[in-house]
Amino acid sequence: MSAYYFQTKGLTVGYDGKPLVRDIEIGLRKGEILTLIGPNGCGKTTILKSIAKYLKSIYGAVYIGGESIDELSNKELSRKAAVVLPQKPRAEMMTCHDVVATGRYPYTGMLGILSAKDRAQVQSAMEQVGAWELRGWEFNRVSDGQRQRVLLARALCQQSQIIVLDEPTSFLDIRYKLELLFLLRRMAKERGVAVILSLHELDMAQKASDFVMCVKGEYIARYGAPEEIFKKECIHELFDLKSGSYNPFFGSLELERSRGAPQVFVIAGGGTGIAQYRRLQKEGIPFATGILHENDVDYQVACDLASVIISERSFEKISENTFQKALECIKGCHTVVNCLNGYGEMNMENRRLWETAGSRPRVKGG
Amino acid sequence: MRITAKKSGYSRVFVIAAASLATLLLLVILNISLGSIPVPVEETIKVLLGMDADETYRSILWKIRLPRMTAGILLGGALALAGYLLQTFFNNPIAGPYVLGISSGAKLAVACLLMAALGRHGGVGSAALIFAAFVGALFSMGFVLLVSRRVRRASMLIVAGVMVGYICSAITDFVITFADDSSIVNLHNWSRGSFSGASWEDVRIMAAVVLIASLIIFFMAKPLGAYQMGEEYAQNMGLNIKLFRASLVVLSSVLAACVTAFAGPVSFVGIAAPHLVKAFLKTAKPMIVIPLCFLGGAIFCLACDLMARVVFAPTEVSISSVTAVFGAPVVIAIMLGRRAAP
């Protein structure tokens with residue numbers, strides 16, 4: 001009836017019969033990545049656990065390839081869904097190869113001896129994540145990033161069509177975060193694997209996922225493509241952001257702006273102002289900035305940090321009206337900072353602003 | 001580079017297995033020829049091969065030393081495997097039938113059965129003893145399991161086990177105090193742990209129990225390997241966790257019970273043997289570790305029994321004292337090692 005490989009219908013999850021999140025509807029095709037985001041303790045892990053059948057769901061059902069997981073035996077399920085868990089596995093005295101080879105468990109015979117085919121699968125999975133050279137290393141001694149890659153290889157060689165990862169990027173530094181998500185993307189595409197994961201990093205979630213599910217409260221707050229989810233209001237609402245702000249273009253966060261009448265006027269543009277804005281924010285000094293075009297990168301950050309922005313519409317020359325507004329604003333400030341190193345046809349008025357700023361302390365910043 | 005490393009990995013296993021077998025053989029010979037009456041090696045060989053030999057030697061060997069030695073091998077292996085299973089089950093390298101109070105629980109049940117049977121004519125059959133020990137072992141295990149549910153800390157588990165052990169031992173002593181004078185001596189010796197007094201009949205029964213249980217454990221190598229990754233990963237590999245955990249409990253209790261029924265409580269073998277075996281092998285692969293654990297436990301027990309009999313001859317020391325002398329330092333080493341590499 002549907003082309004979805006993975007589907008949940010009216011899924012309600014929770015502990016001890018007490019519902020935590022209700023009516024979860026997920027539909028995912030092979031090769032797609034779904035990311036769960038939301039505040040701590042919202043139920044992301046609970047949902048993932050229910051999908052992987054660690055927890056019994058309270059109502060509703062989870063379907064993989066059209067079959068309900070309740071009707072699958074442990075062994076059948078293990079061939080369909082593999083997991084990467086946030087806790088470190090025990091794996092005492094095991095090499096990375098041993099750990100990856102445990103992914104072959106559902107396929108080996110009674111004594112669990114690896115066949116040539118199993119070995120080939122282990123090798124190809126390890127090569128795909130770039131962990132083949134770690135094969136002889138003791139698992140408990142590799143770095144966090146290497147460990148996640150090895151565990152991903154383990155999940156891969158389980159040959160499941162679905163991989164569930166609970167916060168796989170925690171503890172990883174940015175290099176390994178990027179590597180891991182890149183791997184997931186490539187793997188989803190090359191192997192046609194459906195991936196369901198939870199992430200804390202909004203910027204990563206935005207860039208790596210095909211679908212995003214916002215988990216908050218008793219019902220799923222939102223579900224959709226990243227461009228629908230990663231809007232300023234959605235994210236502010238999802239995390240109850242009271243201080244600071246989220247920028248949907250970059251997926252970046254800014255600290256709370258300083259309140260009050262602007263004391264400093266920053267002349268900026270083209271990215272020259274961002275560092276100065278943040279410096280003033282850290283000092284707790286409210287500031288005004290201008291004259292920025294609305295398509296200027298400084299404008300994005302200024303929206304989150306500046307008390308007053310004197311701006312001009314994109315692609316337009318700065319009008320006399322806007323210039324006068326800026327001049328008016330400068331009169332209220334005790335200092336003017338100029339971050340610009342040069343001027344072009346579009347922002348020539350900023351030079352005039354700088355030259356007519358008057359007797360105030362003038363700082364050449366940037 | 002890698003290929004040689006792998007090769008050396010396998011040859012390491014081979015060398016250790018061969019060395020273990022040789023040591024066991026040596027200990028077997030020492031165990032049957034040394035004692036209050038030394039039996040010359042050529043006589044030993046004659047007796048073993050069924051050739052014409054001195055009658056005194058023949059009866060010493062057949063009636064006393066050979067059954068005792070065989071019991072040592074079987075029960076030592078059983079202890080090591082029971083320890084290995086418990087360590088896997090609790091994910092705790094110093095878990096074992098003795099420290100978790102399982103041996104003491106079995107001891108208490110057996111003491112009670114013996115006391116109850118004293119008034120009656122004829123003794124108690126070996127099967128009944130094993131069964132009583134099994135029930136006692138399960139009770140202690142049940143208590144330790146309850147504690148482990150409530151407290152997640154590994155050290156608390158051991159503390160709970162040691163306490164159960166003390167309680168059971170105290171009650172056992174209490175029970176023995178009220179025994180007839182004549183029966184006390186035997187019961188007292190047994191309750192401190194000893195391989196002495198094993199008959200061929202006993203050996204047959206313990207062989208049946210221990211070998212069958214060990215074989216089952218060997219065929220559980222695959223799930224044991226999966227379980228080493230942790231419960232959640234094991235489940236994701238398709239392992240039926242409840243059934244598996246239950247079988248670990250039953251098998252380790254059967255083995256510990258069998259040892260206790262025949263030899264009383266024997267300390268530390270269950271911790272020391274698996275640890276030493278893994279340290280030598282440098283792997284935790286159950287397929288390799290299980291048989292060598294059995295061998296290691298047998299070697300450990302034979303060596304300790306030999307010392308128990310010979311060092312202060314003609315006085316015999318309890319086996320548990322000797323195993324503690326050699327086993328307890330291993331436990332300390334494990335704990336220090338864990339501290340060094342968390």
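Arg22(A) and Glu218(A) form a salt bridge, with the closest N and O atoms 2.2 Å apart; the term means a side-chain nitrogen of Lys or Arg within 4 Å of a carboxyl oxygen of Asp or Glu. The model is predicted, so local features need pLDDT of at least 70 and side-chain atom pairs pLDDT 80 or more, while totals for chains, interfaces and linings use all residues. Residues are numbered from 1 along each chain as its sequence is written, chains are lettered from A and ligands numbered from 1 in the order written, and side-chain values use heavy atoms, leaving out hydrogens and water.

Back to that pair: Arg22(A) is in strand 2 and Glu218(A) in the loop between strand 9 and strand 10 of chain A, 196 residues apart. Strands are DSSP runs of E, at least two residues, and helices runs of H or I, at least four, numbered from the N terminus. Arg22(A) is partly exposed at 25% relative accessibility; buried is under 20%, exposed over 50%, partly exposed in between, with a 1.4 Å probe and protein chains only.

Next, Asp118(A) and Arg104(A) meet in a salt bridge at 2.9 Å, N to O. Asp118(A) is buried at 5%, and Arg104(A) is buried at 1%.

Now the helices. The axes of helix 5 and helix 6 of chain A come within 10 Å and cross at roughly 15 degrees; axes are lines fitted to C-alpha atoms, for helices over the stretch in contact, with angles from 0 to 180 degrees between N-to-C directions. Helix 5 and helix 6 of chain A are therefore roughly parallel, the term for angles under 35 degrees.

Note on methods: Parallel < 35°, antiparallel > 145°, perpendicular 65-115°, else oblique.
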